[in-house]
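Subject: Structure for your review

Dear colleague,

Please find below the structure that I promised to hand over.

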Amino acid sequence: MDRKPLGVLLLLCCFSVLLIMPAHGAEKPSCAFLLLHVDEGATAIGESEGRSLTRRFTEALDLFDVYDVIPFDDMNRTIAMRKGLGADPCANLSCAVEYGKLLNADYAIYGIYGHIESVYSIETILVDVESSQEIKHVVTDYKGDHQGFTEKVPLENLKTLLGVPVLPPGAEAAYDKKYTDDAAPEKKSGAEKSFRFGPRLGLVASDDGVELGVGIELRRNNLSFKIMGNDAGIGGSLSYYLNIAGNSPYLSVVGAYYDDKNKGLTEIGRIYGLMLGYRLMVINENMDVCIGLGAAYVDWDHRQRDGSIKSDQEIIPVGELTFGYMF
């Protein structure tokens, strides 16, 4: 047997294995840090703070260089595209597995947090998406204020959850510097965002029919003013949102004026009412859909064919389904 070709073949095989092994070893499993669930029974922290803390945990997770971390905005966008709604907070294993599969992630982390007086607590759970099993959970307590909690706890909690006591060189310092440098701009941005505005498009309805309208919304903190109209009339509402940002129920005082044709005859009406609704965030933090239902008093004048005016007053149901983008 000629051993020389065999030796060359073995050498080539070994060389190929050496080329493949580093590439395979460099591939990291993917992981998503899901939107944190706020324990409403133990805290007055709002949903916007939950989103902000989730973003910070996501950025902290990326520093460990253990997983290929799915960015926070990409996670929300993907879930919204596949479910048709924005991502809801996860508070159990089945939710984490469902979202992990939607994101095509190998692992997912979900968590629950809240506080009682000055003691803040967060529990994070690492999940193997494919096997639908919880791998590890960690509870981290912190005594102090919310700012200190958000600055110190993410790295501390993740170190224990991942079993990585020391970050790669320079990572922790970069993390501290990022949030030190961003602190002032964040406060400024928060002040600027107390006032927001944007276009609005959608449907308003009563027992008389459904109208498509366009308009604008002006929002300052919890209060909002919307005005919309079309060629038939104009309507507006003054609303109070329970939460300044994120998903929120709301109460509206509504009013409208219309001058339209009904079966070929002129009809003029004035509507005043109350509406309960819910604002649901979709795609990202700027886009929302408002769904409302209520009752209104309508006072209308209907010009008859003989020229006389017929007037009437009644209570009617009213509703809205509108989409908006806030700057």
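Axes here are lines fitted to C-alpha atoms, for helices over the stretch in contact, and angles run from 0 to 180 degrees between N-to-C directions. Please keep in mind that this is a predicted model.

Helix packing

I begin with α2 and its contact with helix α3, which spans residues 72–83. The axes of α2 and α3 cross at roughly 120 degrees and come within 9 Å. On the α2 side, the residues that meet α3 are Arg51, Thr54, Arg55 and Thr58, and their counterparts in α3 are Phe72, Asp73 and Asn76. Sorted by class, this contact of α2 with α3 has 3 charged, 3 polar and 1 nonpolar residues.

Helix α2 (residues 47–63) also packs with helix α5 (residues 146–162), at an angle of about 40 degrees and with the axes 10 Å apart. That angle makes α2 oblique to α5. The crossing, in which α2 passes α5, is right-handed. From α2, the contact draws on Glu49, Leu53, Arg56, Phe57, Ala60, Leu61 and Leu63. From α5, the contact is made by His146, Phe149, Thr150, Glu151, Val153, Pro154, Leu155, Asn157, Leu158 and Leu162. The residues of the contact of α2 with α5 divide into 11 nonpolar, 3 polar and 3 charged.

Helix α3 has a further partner in helix α4, residues 93–102. Their axes come within 10 Å and cross at roughly 90 degrees, and α3 and α4 are therefore roughly perpendicular to each other. Thr78, Ile79, Arg82 and Lys83 of α3 meet Glu98, Tyr99, Lys101 and Leu102 of α4. The class count for the contact of α3 with α4 is 4 charged, 3 nonpolar and 1 polar.

Pockets and cavities

The second largest pocket holds about 930 Å³ of space. Its lining consists of 43 residues, and those nearest the centre of the pocket are Val204, Ser206, Glu211, Ala256 and Ile271. Two or more lining residues come from each of β7 (195–206), β8 (209–220), β9 (223–230), β10 (233–241), β11 (248–262), β12 (265–281), β13 (287–303) and β14 (309–325). Of the elements, β11 gives the most to this lining, with 9 residues. By class, the lining of the second largest pocket has 19 nonpolar, 15 polar and 9 charged residues.

How many cavities of 30 Å³ or more does the structure hold? There are 2 of them. The second largest cavity contains about 40 Å³ of space. Arg196, Arg219, Ala245, Gly246, Met281, Glu285, Asn286, Asp288 and Met326 line this second largest cavity. Its lining residues divide into 4 charged, 3 nonpolar and 2 polar.

With kind regards

Methods. Residues are numbered from 1 along each chain as its sequence is written. This is a predicted model: local features need pLDDT of at least 70, side-chain atom pairs count only at pLDDT 80 or more; totals for chains, interfaces and linings use all residues. Side-chain values use heavy atoms; hydrogens and water are left out. On a 1 Å grid over the protein atoms alone, a cavity is a set of points where a 1.4 Å probe fits but cannot get out, and a pocket is an open set with protein on both sides within 12 Å along at least five of seven lines; lining residues have an atom within 4 Å of a point. Grid points are joined across faces, edges and corners, and a volume is the space filled by probe spheres set on the points. Ala, Val, Leu, Ile, Met, Phe, Trp, Tyr, Cys and Pro count as nonpolar, Asp, Glu, Lys and Arg as charged, and the others, Gly among them, as polar. Helices (H or I, at least four residues) and strands (E, at least two) are DSSP runs, numbered from the N terminus. Angles under 35 degrees count as roughly parallel, over 145 as roughly antiparallel, 65 to 115 as roughly perpendicular and the rest as oblique. A crossing is left-handed if the near helix is turned anticlockwise from the far one by less than a right angle, and right-handed if clockwise. Contact means heavy atoms within 4.5 Å.
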